[in-house]
Amino acid sequence: MKTKQWNDPSTTRMTSTSRRHFLKAGAAVCAGVALGDASTVHAAQSITVTCWGGDYEKNVRACFADPFTKETGIGVNLVNNADLTKMKVQVQNKNVSWDVFDSVGPHILSGSKDGIWEPLDRNIVNTSDLLAPGGADYVGTYLFAAGIAFDPKRFAPGKYPKNFKEFWDVQRFPGRRALRPRVSEMLEIALVADGVEPSKLYPLDVERAFRSLEKIKPGVRKWTETTPETISLVLNNEVDFSYSFVTRVMPSRQAGNSIDISLTQTVNAIEYLAVPKYSKNREAAMKYLAFVLRPDRQADFANRMFFSPNSRTAQPMVAEATKKYLPNMDSPNNIIINDAWWADHFETLQKRFTAWLLV
């Protein structure tokens, strides 16, 4: 794994780290405090955490939810819904049913800007071991990479698009496409497909991005609402090329399915956790955040799901066979999502993008 830049959205700059820095990290720093055993817990007996379905849900359950319950006695309900609009409505109505919100930077930072998250309880959540420490009311959990998924049995080398410019070239690479209906990531890949260098993306040229999206729109068979669809559509031969995630493709491939993903050009971004205001289980939710940040939990999740841990101490625990599939932050071909930029633009541009999809 190579890591050059982590997007630190608590400022407007990009934080630089290196793989060498990861591997030379000092003695273990536990990201969190002792959670206690079930007999001493006086908090709520269960919390609800948003999730993303499929293998992600299965491994969140195995790495975080079930071990957390075993250690603390606090149950964890996973809900496959990370809808920011619904989350905001819950907070505005002071009727919150989700205790932990698991999502990408544009969602989390937009929510932070609108003041819908609880401040982190620093007596419980320790961020000193994190490469990207996050902000006052959210924490970064891991880095993920996304690219172009395809079925290698249907497409030999040279017959499938390896980068986003080729993905846009429906003449040279004919086939049914799938993209996400989330404006963040889509504007970036549209601009790169149109010739913008990844290092020069921000501030995004929004009008140019929408013009580029108009070119690919006729070739998009499905705008995938759920993350598991990004691979199931390929596996079921409903699309040929899908914008998907290494964290989805690799577990599916290990399970024996015929699917692969190009690592020639990827989108790299951070996943975050936040606790919404008016949560009835605030303390238990904060303990869950601390548990997820523990190096042993981070490394276990990375080895199962091909996420790059945010914990410095977890980095050397990642298996060598896993590291070559983790986000490459050194490659000039790769896109690094600027969450700080999206904090100021996500809500407005998502509304525009959703309306554009309906035309």
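Tutor: The turns that follow set computed values against their definitions.

Student: What kind of model is this, and how are its residues numbered?

Tutor: This is a predicted model, in which local features need pLDDT of at least 70 and side-chain atom pairs count only at pLDDT 80 or more, whereas totals for chains, interfaces and linings use all residues. Residues are numbered from 1 along each chain as its sequence is written, and side-chain values use heavy atoms, with hydrogens and water left out.

Student: How many helices and strands does the chain have?

Tutor: There are 14 helices and 13 strands in the chain. Helices (H or I, at least four residues) and strands (E, at least two) are DSSP runs, numbered from the N terminus.

Student: Where does Val76 lie, and what is in contact with Val76?

Tutor: Val76 belongs to strand E4 (residues 75-79). Contact means heavy atoms within 4.5 Å. With neighbours within four places in sequence left aside, Val76 is in contact with Ile47, Val49, Arg61, Ala65, Phe68, Thr69 and Tyr288. Val76 and Tyr288 are 212 residues apart in sequence, yet their C-alpha atoms are 9.0 Å apart in space.

Student: Which residues touch the most other members of the largest nonpolar core?

Tutor: A nonpolar core is a set of buried Ala, Val, Leu, Ile, Met, Phe, Trp, Tyr and Cys residues joined through side-chain atoms within 4.5 Å. The largest one has 96 residues, and Leu179 and Tyr288 touch the most other members. Another core, of 17 residues, lies apart from it; among its members are Ala178, Val234, Val239 and Ile259.

Student: What makes Val249 count as buried or exposed?

Tutor: Its relative accessibility is 0%, so Val249 counts as buried. Val249 is placed in helix H9 (residues 246-254). Beyond neighbours within four places in sequence, its contacts are Ala149, Ile231, Ser244, Ile259, Asp260 and Ile261.

Student: How many disulfides are there?

Tutor: A disulfide is a pair of cysteine sulfur atoms within 2.5 Å. By this rule the count is zero. As for individual cysteines, Cys51 is buried because its relative accessible area is 2%, and Cys63, at 0% relative accessibility, also counts as buried.

Student: How do you know that the end-to-end distance of helix H14 agrees with its number of residues?

Tutor: The expected span of a helix is 1.5 Å times one less than its number of residues. Helix H14 (residues 346-358) has 13 residues and should therefore span 18 Å; its end C-alpha atoms are 18 Å apart, which agrees.

Student: Why are the buried residues of H14 said to line one face of the helix?

Tutor: The buried residues of H14 are Phe346, Leu349, Gln350, Phe353 and Trp356. Seen down the axis of H14, they fall within an arc of 125°, so they line one face; the arc is that of the directions from the helix axis to the C-beta atoms. An α-helix has 3.6 residues a turn, so residues three or four places apart point the same way. The face of H14 turned away from its buried side carries the exposed residues Thr348, Lys351 and Leu358.

Student: Where does H2 bend?

Tutor: H2 bends by about 45° at Arg61. The bend at a residue is the angle between axes fitted to the seven residues ending there and the seven starting there. H2 (residues 54-72) has 19 residues and should span 27 Å; its end C-alpha atoms are 26 Å apart, which agrees. H2 is followed by Gly73, whose phi is positive, near 85°.

Definitions and conventions: Buried means under 20% relative accessible area, exposed over 50%, partly exposed in between (1.4 Å probe, protein chains only).
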